Amino acid sequence: MNILLTSAGRRSYIVDYFKECRGVDKVYASNSEYTIALKRADGYLLSPLIYDPEYIPALIRYCKEMQIGALLSLFDIDLLVLARHREDFEAAGIRLVLAPASFVEICNDKWKTFEFVRSLGLKTPRTWLKVEEVLRAIASGEAAYPILMKPRWGMASMGIYKVENEQELRVLSEKCRREIFSSYLKYESGMTPDESIIYQEVMVGQEYGLDLINDLEGRPVATFAKQKVTMRSGETDLGRTADPTPFLPLAQKIAEESHHEGILSVDCFKCSDGIYIIEMNCRISGHYPLAHLAGVNYPQQLVDWLHGLPTNPENLRFESDLYIIKDLTPTVLYARDNAPVR
């Protein structure tokens, strides 16, 4: 079986994880520009931009050319575009490993995430869509500064501000809005142009990242927890693998409702009065490598499922209380003539 990882960016380690799997012949990667992940893949496609009308046709043509049987994305913006074209991929004989489009939209839209979590009876920070709503909540005593502001359709810590007073709230709201509509966030944010920012109460507690694993029928299989000790650019830099037991009830509720295939990343805070869910992403997350180094082999289990094999407990072993840090390794990407170095 050949696999394609789309919007691979710098996640070369994910390419490596799949190349090590039994049952995989070639691991391909795509991105709109040449990156280290493309260099590490067995082959690559320099794709059109995600919102280009030719993006999906280009992926399907490449999959047919390279006899690629399964595709998964490593980037939030990519997920919704792919999910909305599931039937096109299936008609071409390509398995798209992803949640239903309706749930991808819930994950990408932080306001819908807030509403979804509340609908399950789970805890999530109080959230507002407008400056005036925040001011009324503060005046009534329902909320207090600082307030966390972030793009409703954002990712990777872009446009996030912690505001301490009304002046900062108003000024930084305008700054955040300008940043949104001058970046690639403008595409999804264009669906809610007048409500492109959310405002949340600040959580006081310890942050965790969860991996919720479903099989390819959307049935819950396993949950893994990682404490986020230090963060860099919205991703876990230093983390500790943790006992998942306290998180299992909420993980079961979400996994059963989402019907996602494969992996779902959930960010949450463990506070004195319970666990608060912050965000969800239908992809391999920046904190997944902690689970991988602790014994989990999600790529191998996914490949096994794609081959029709049952769940293998050996792929889902997990050791707690390991402290794991990401390493930075300089790598040559281009030669002097600007030709990619293979």
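Which helix holds both Trp111 and Phe114, and how many residues apart are they? Both sit in helix H7 (residues 110-119), three residues apart, which is about one turn of the helix. The close-ups below start from that pair.

This is a predicted model, in which local features need pLDDT of at least 70, side-chain atom pairs count only at pLDDT 80 or more, and totals for chains, interfaces and linings use all residues. Residues are numbered from 1 along each chain as its sequence is written, and side-chain values use heavy atoms, with hydrogens and water left out.

**View 1. Trp111 and Phe114 form an aromatic pair.** The structure holds eleven aromatic pairs. This one is tilted, at 5.1 Å centre to centre with 40° between the planes. Rings of Phe, Tyr and Trp (its six-membered ring) pair if their centres lie within 6.5 Å; planes under 30 degrees apart count as stacked, over 60 as edge-to-face and the rest as tilted. Both Trp111 and Phe114 are buried, where buried means under 20% relative accessible area, exposed over 50% and partly exposed in between (1.4 Å probe, protein chains only). Helices (H or I, at least four residues) and strands (E, at least two) are DSSP runs, numbered from the N terminus.

**View 2. Tyr208 and Phe247 link distant parts of the chain.** Tyr208 belongs to strand S10 (residues 206-214), while Phe247 is in the loop between strand S12 (235-242) and helix H11 (248-258), 39 residues apart. Their ring centres are 5.0 Å apart and their planes lie at 50°, so this pair is tilted. Tyr208 and Phe247 are both buried. Elsewhere, look for one aromatic cluster formed by Tyr13, Tyr17, Tyr288 and Tyr298.

View 3. The peptide bond from Tyr145 to Pro146 is cis, with omega near 0°. Gln67 is exposed, with a relative accessible area of 67%.

View 4. A search of the whole structure finds two cavities of 30 Å³ or more. On a 1 Å grid over the protein atoms alone, a cavity is a set of points where a 1.4 Å probe fits but cannot get out, and lining residues have an atom within 4 Å of a point. Grid points are joined across faces, edges and corners, and a volume is the space filled by probe spheres set on the points. Of the 13 residues that line the largest cavity, Val97, Glu261, Ile263, Cys282 and Arg283 are the closest to its centre. Strand S4 and strand S13 (262-271) each supply at least two residues of this lining.

**View 5. Glu20 and Gln300 have C-alpha atoms separated by 8.3 Å.** These two residues are 280 residues apart along the chain. Glu20 lies in the loop between helix H1 (12-19) and strand S2 (26-31). Glu20 is exposed, with a relative accessible area of 59%.

Key: On a 1 Å grid over the protein atoms alone, a cavity is a set of points where a 1.4 Å probe fits but cannot get out, and a pocket is an open set with protein on both sides within 12 Å along at least five of seven lines; lining residues have an atom within 4 Å of a point.
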